[in-house]
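Here are my notes for a first look at this structure. Keep the model open beside you and take the points in order.

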Amino acid sequence: MTNDSDGTTPPGVDWDAQAAVFDDEPDHGLRDAGVRRAWARRLSSWLPARPGDVLDAGCGTGSLSLLAAEQGHRVTGVDRSPAMVERARAKLAGRDAVFLTGDAAAPPVGQQRFDAVLVRHVLWTLPDPGRALRHWRELLRPGGRLVLVEGVWGTVAPVGIPADRLTALLTPLAGRVRVERLSDDASLWGREVDDERYAVVAEPA
Ligand SMILES: C[S@@+](CC[C@H](N)C(=O)[O-])C[C@H]1O[C@@H](n2cnc3c(N)ncnc32)[C@H](O)[C@@H]1O
């Protein structure tokens with residue numbers, strides 16, 4: 001089920017079935033050079049300046065994983081959908097990247113720790129976002145950060161998580177929380193948008 005022209009999909013969707021068409025959306029596949037450049041620029045400002053280990057939780061087809069890898073980071077991607085994981089593996093073939101099938105809320109990464117946990121358009125679909133945030137925080141190395149890209153999509157029957165709810169969930173976890181509004185930047189979406197879209201960079205104290 002698709003919510004609107006963003007291809008944003010509510011919980012219960014068959015992500016395996018979506019995998020083949022997922023990259024058709026400009027901000028998913030990043031096929032347009034301008035859209036790709038816009039995401040690359042934002043991502044490099046959100047991720048640590050030095051190359052590090054990035055966990056892409058709910059990585060989908062790996063579009064942001066690829067940008068992170070191109071910026072020198074080692075990427076571990078986790079997605080529940082085997083079809084998404086297969087596409088991510090193909091997209092990052094030959095890169096310093098590993099993709100695992102598993103739950104984004106409890107990634108199967110053992111004792112590995114990360115300099116950044118990157119999550120785009122996934123948190124709002126999870127049954128217990130607060131619990132997922134607490135777990136991701138535990139997966140960070142000292143000095144690590146959470147990079148969360150979320151929003152509220154659609155106007156008739158909006159879905160998603162508003163920035164103020166997400167920052168409230170982060171309050172007990174993060175020392176520094178920066179919210180960046182993304183709605184005004186059409187180059188990220190390939191068109192003008194008027195709903196709420198944002199990124200949060202949260203650095204636990
Ligand atoms: C809207 S897509 C976003 C994909 C990617 N983060 C991106 O921004 O291009 C949501 C992805 O989250 C995955 N997903 C949803 N719930 C999940 C869960 N509990 N564990 C792992 N992956 C999940 C889906 O399979 C899908 O690939």
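1. Start at the ligand. It has 19 residues around it, and W15, G58, G60, R80 and R120 come nearest; a residue counts as near a molecule if its C-beta atom, placed from the backbone, lies within 6 Å of it. By class, that shell holds eight nonpolar, seven polar and four charged residues. Here Ala, Val, Leu, Ile, Met, Phe, Trp, Tyr, Cys and Pro are nonpolar, Asp, Glu, Lys and Arg are charged, and the others, Gly among them, are polar.

2. A word on what you are looking at. This is a predicted model, in which local features need pLDDT of at least 70 and side-chain atom pairs count only at pLDDT 80 or more, while totals for chains, interfaces and linings use all residues. Residues are numbered from 1 along each chain as its sequence is written.

3. Now the chain overall. You will find eight helices and eight strands in it; these are DSSP runs numbered from the N terminus, helices being H or I with at least four residues and strands E with at least two. The chain is as compact as a globular protein of 205 residues, because its radius of gyration is 15 Å, close to the 17 Å from the globule rule. (That radius is taken over C-alpha atoms, and the rule is 2.2 Å times the number of residues to the power 0.38.) Along the principal axes, the C-alpha atoms fill a box of roughly 40 × 40 × 30 Å.

4. How much of the chain is buried? Of the 205 residues, 42% are. Buried means that 20 or more other C-beta atoms lie within 10 Å of the residue's own; 12 or fewer makes it exposed, and anything in between partly exposed, with C-beta atoms placed from the backbone.

5. After α4 comes G72, with a positive phi near 100°.

6. A68 also turns up in the largest nonpolar core, which has 53 residues; V54, A57, A68, V117, L118 and L148 have the most contacts inside it. Such a core is a set of buried Ala, Val, Leu, Ile, Met, Phe, Trp, Tyr and Cys residues joined through C-beta atoms within 7 Å. Setting aside neighbours within four places in sequence, L148 is in contact with V119, L123, L166, A199 and V200; contact means C-beta atoms, placed from the backbone, within 7 Å.

7. Two residues other than glycine have positive phi. For L30, in the loop between α2 (26-29) and α3 (33-46), phi is near 50°. H121 sits in the loop between β4 (114-120) and α6 (129-138), with a phi of about 60°. L30 is buried, with 23 other C-beta atoms within 10 Å, and H121 is buried with 22.

8. Last, have a look at G160 in strand β6 (residues 159-160). Why does G160 count as buried? Because it has 22 C-beta neighbours inside 10 Å. Beyond residues up to four places away in sequence, G160 touches W124, E150, G151, V152 and W153.

Terms used:
Contact = placed C-beta atoms within 7 Å.
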